[in-house]
Amino acid sequence: MAVVPSDIALSAQGLRESILRHARYSLAQPWESLSTRQIFECVSLAVRDVLVDRLFDTEQRRRQSDAKCLYYLSIEYLPGRSLANNLINLGLYDPCREALAQMGMDLEAVEASERDAALGNGGLGRLASCFLDSLATLGMPGYGYGINYEYGLFRQEIDHGDQKEKPDNWLAVRSPWQIERPDEACYVPVYGRIEHGVDRPGNYNPMWLDWRLLVGVPYDVLVVGYGGRTVNRLRLFSARASSDFDMQIFHEGDYMMAVQQKIASETVSKVLYPSDAVRPGQELRLVQEYFLVACTLRDIIRRYEAEHTGFDAFPAKVAIHLNDTHPTLAVAELMRILVDERDLPWDKAWQITQASMGYTNHTLLPEALEKWPVDLLEHVLPRHLQIIYEINRRFLEYVASVRPGDHECLRRMSLIEEGAPKQVRMAHLAFVGSHSVNGVSALHSKLVQTTLAPDFHRLWPERFNNKTNGVTPRRWLLQANPLLSGLIRRTIGDGWITDLDQLRGLESRAGDPAFRDEFLAIKRLNKERLARVIVETTGVSVDPGSLFDVQVKRIHEYKRQLLHVMHIVHEYLCLVEDGIAPVAPRTHVFAGKAAPGYRAAKQIIKTICSVGSVINNDRRVDGQLKVVFVPDYRVSLAEQIIPGADLSEQISAAGTEASGTGNMKFAMNGALTIGTPDGANIELLAEVGTDNMFMFGLAADDIRRLRAEGSYHPQDICAHTPRVKRIFDAFDSNLLCPEEPGLLRWIHTSILDRNDVYFHVADLPAYLDLQQRVSTEFSQRASWAAKAILNVARIGRFSSDRTVAEYARDIWRISRG
């Protein structure tokens, strides 16, 4: 029976006693000798005790109700720091602060000693973490599954404008939030060969032999919902070598081989997204993805079979969700387990698999839609390739029966892409193997149906749906912006924390001068905090009174950081060549990581830094314009940047951003958005109103038409638009790169000579005009404050609670419990 924490255990006194107990008995250290990091461990372990008790209560309720559970597979998560989030959701933040103050410690200093969990890269991982928070807050049975990366992506340093990737060994010091479960380890076969045979009745009976065994050791991270009633688990697997396999090699005398096998096995969970530019990296990435799905499905089936006999009830008790294409091998793995290990007939196994699986597509970019060479799959997972071929054979037979004679349709829809090399289309496997396929914004879902998978949509229109993304207000408003959330709580109460639509109660305050002044005062304090972060990380001093124009996200050509740079260059040239000062001084803030092998993205970072260096050191600018690139973007840094933003740049080329969630976080914190009709920007505009957002640029249909017609010629626009030409002339000269002549000429080549794939030049004139309007409106402080307040008030639709509730109702069929 679970032990329910007493009131005293949840008081400042109880926490103090628990913290001191962990110092003595968990760390075996006297309190007086502890470092701040060690104090963080003691506090976290004390909080974890409460989480464990609540976990036992949660799981006991679920066993009694035999509730259907969600199992959410994601190759990455970005939870950020956990201490403050757990304290807030448990209602223990103030008692903990009081307890630490009694012991001479500051809670914020303790929080700052926690490293971000390096389990993800960008929006995909952060979305997954928001979903876990919402599942627990809504009281829904949902478990996350991922890989316990030892190094994560990388720690970014900027050296003279160049990105340097440093190891992010976040687990070098143990995480107090992780609970190791070696007794629930999973065994994962890889490589080997297929021996073709028949069973006694004469049916084909392939045997997967001579495989190498990996061991997946689970580590649980407990996820508590707001209010503390429900605690779910995020289960992360670390790869280990099989001790039996290693000992066999040892006994044979090949000690070096045994060591190499161990190292190779444990490499599987070392690093997030190993480079797939070379074959070994591609192979490691495939093994990683299979390791995740194999461990997850072993765990799911173990849990299911502990309570049920047979698999007839499996889809009624188990919902498996694939967060993008990375876990799509789950389709083949579940079929392998059901057919090979549980001896189910193929048709029955397929019915169970389809009914259990759901798939979210997160991208339309061809390079992000995974395809695996057939020969690589055959080398790593020979039995799974057989299963995929059999799925494809049966699927194409069905397509041929409904589209007779349409051989081109068969080619387009096949799971196998013919060519050199022949490849397996993982998105197609997800389309075929899932009962639900969704996009993550209204526009994106429409494009999935009309451009990415039109044949599949025609075949199964009922399978496709939209679930617009959302973000958790607990992390991105209550925790990240305590000053603003405090104002909101004093004004409309606490209900909005779990029902974000209640922020509509702030609408009437947009016209209240006293409320506007208090709102602006809070924004100023958040900007001062951000200014301190900027000077500490970049050495550049910025004016908190200037307009903070912010673009922080993964660096990619389609996200068009380069378009933002073009506006900066325009501002600079107007100032130093034309003598026209900006209506409002601006500080342009960039942050984000470029993939290590993505040369163009690294050039964009170099460009931002070079342009910033020239502008920041030009005395003629006189503080009217500043440009900074803040290194090592991560969740804890985002929590400091977003509350201090005035303007949020969401300027991707229309039809390229699936949704975006930064747009939601910024608006939630009182920034106005300048954006294109892309992703969730369209829905954000519908909610906050055209007067409270700045929208420009070609629509996705316009871009698609121009591409199809071949009628877009950026060189002509540049030649006939003087202000555009002047910007490109500056890039071609050494004005913006005096220390490295010729550094920025690549922009001319990339944009003008290669036909501007992401339509920078097409959207640039409208962008420049709209930015002028932004400056004018920012100088009208009362009006700007009213618009910012209305952004906060009307952001309710973009809570991840709403998104998760829609998934639960329409796809997962799970309920509160």
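Predicted model: local features only at pLDDT ≥ 70, side-chain atom pairs only at ≥ 80, totals over all residues.
Aromatic pairs come first: a search of the whole structure finds 20 of them. A pair is counted when rings of Phe, Tyr or Trp (its six-membered ring) have centres within 6.5 Å; planes under 30 degrees apart are stacked, over 60 edge-to-face, and the rest tilted. Residues are numbered from 1 along each chain as its sequence is written, and side-chain values use heavy atoms, with hydrogens and water left out.

Consider Tyr72 and Trp812, an edge-to-face pair with 6.5 Å from centre to centre and 80 degrees between the planes. Tyr72 belongs to strand β1 (residues 69-73) and Trp812 to helix α33 (residues 800-812), so the pair links distant parts of the chain, 740 residues apart. Helices (H or I, at least four residues) and strands (E, at least two) are DSSP runs, numbered from the N terminus. Buried here means under 20% relative accessible area, exposed over 50%, and partly exposed in between, with a 1.4 Å probe and protein chains only.

A second pair joins Tyr304 and Phe314: their centres are 5.0 Å apart and their planes stand at 75 degrees, so this pair is edge-to-face. Tyr304 lies in helix α9 (residues 279-307) and Phe314 in helix α10 (residues 314-317), so parts 10 residues apart in sequence are tied together. Tyr304 is buried at 3% relative accessibility, and Phe314 is buried at 0%.

Ring pairs also link Tyr359, Phe395, Phe431, Phe456, Trp460 and Phe464 into a cluster.

Let me turn to the strands. An open sheet of six strands, with parallel pairing, has the order β20-β19-β18-β21-β22-β23. Strands pair if DSSP finds at least two bridges between them. Which strands stand at the edges? They are β20 (625-629) and β23 (694-695); each has a single partner strand, so one side of each is left without a neighbour in the sheet. Strand β22 (residues 672-675) pairs with β23 in the parallel sense over two bridges, and the bridge partner of Gly675 in β23 is Met695.
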